[in-house]
Amino acid sequence: DELVIRERKSDASIRVVTANIRHPKKEDDRAGFGWKHRKEICLRVLLAQKADIICCQEARMEEIEDLLSGMPGFVYFGIGNREPVIPSNPILYSTARFEKLDGGGF
């Protein structure tokens, strides 16, 4: 299936996308909906949006790393509330468009 690529209205526009990645669950794997089954389509959908900033929910490091490996020029910022730190709601952003000057959370 072909995805529709969202074109920009102008070079100055900024596109922000939100995506619930869904944290890994064993029952999803057993049902055939685990991350290994979803990661390619998830990446394709996100790339088709031509986003500058992607705000993720429920993502884990494996998922973040998989997404970033298919998104050259993107990095992430995220904080977590567990040990080890799991940035479960990371923000992925284009380094061509943005520079991280500071970060934190509350």
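This is a short walk through the fold of one protein, from the whole chain down to one residue. Keep in mind that the model is predicted.

Overall picture. The protein has three helices and four strands. Reading from the N terminus, the order of elements is β-α-α-β-α-β-β. The C-alpha trace spans about 45 × 40 × 20 Å along its principal axes. Of the 106 residues, 28% are buried. Now the contacts. Take those between residues at least 6 apart in sequence: 65% of them join residues at least 24 apart.

Let's go through the pairings. As a reminder, strands of a sheet pair through backbone hydrogen bonds, either parallel or antiparallel. We have examples of both here. Strand 1 and strand 2, residues 53–57, run parallel, and five bridges join them. Within that pair, Val17 has Ile54 as its bridge partner in strand 2. Ala19 stands opposite Cys56, also in strand 2. On to strand 2 and strand 4. These run antiparallel, joined by three bridges. There, Cys55 has Ile91 of strand 4 as its bridge partner.

What about the faces of strand 1? In a regular strand the side chains alternate between the two faces of the sheet. In strand 1, the covered face holds Val17 and Ala19. The uncovered face holds Val16, Thr18 and Asn20.

Let me stop at Ala19, in strand 1. Is Ala19 buried or exposed? Its relative accessible area is 12%; the cut-off for buried is under 20%, so Ala19 counts as buried. Which residues does Ala19 touch, leaving out those up to four places away in sequence? The list is Leu46, Ile54, Cys55, Cys56 and Gln57. One distance for scale: Ala19 and His37 are 18 residues apart in sequence, and their C-alpha atoms are 17 Å apart in space.

Last topic, the helix pair. Helix 2 covers residues 35–48. The axes of helix 2 and helix 3 come within 10 Å and cross at roughly 45°. The crossing is right-handed.

Which residues meet there? From helix 2, we have Trp35, Arg38, Lys39, Cys42, Leu43 and Leu46. From helix 3, we have Glu62, Glu63, Asp66 and Leu67. How do the residues of this contact divide? Five are nonpolar, five are charged, and no polar residue takes part.

To recap. Ala19, in strand 1, is buried.

Methods
Residues numbered from 1 in each chain as written. Predicted model: local features only at pLDDT ≥ 70, side-chain atom pairs only at ≥ 80, totals over all residues. Heavy atoms only, no water. Pairing = 2+ DSSP bridges. Helix = DSSP H or I, 4+ residues; strand = E, 2+ residues; numbered from the N terminus. Buried < 20%, exposed > 50% of the residue type's maximum accessible area, 1.4 Å probe, protein only. Axes fitted to C-alpha atoms, helices over the stretch in contact; angles between N-to-C directions. Left-handed = near helix turned anticlockwise from the far one by under 90°. Contact = heavy atoms within 4.5 Å. Nonpolar A, V, L, I, M, F, W, Y, C, P; charged D, E, K, R; others polar.
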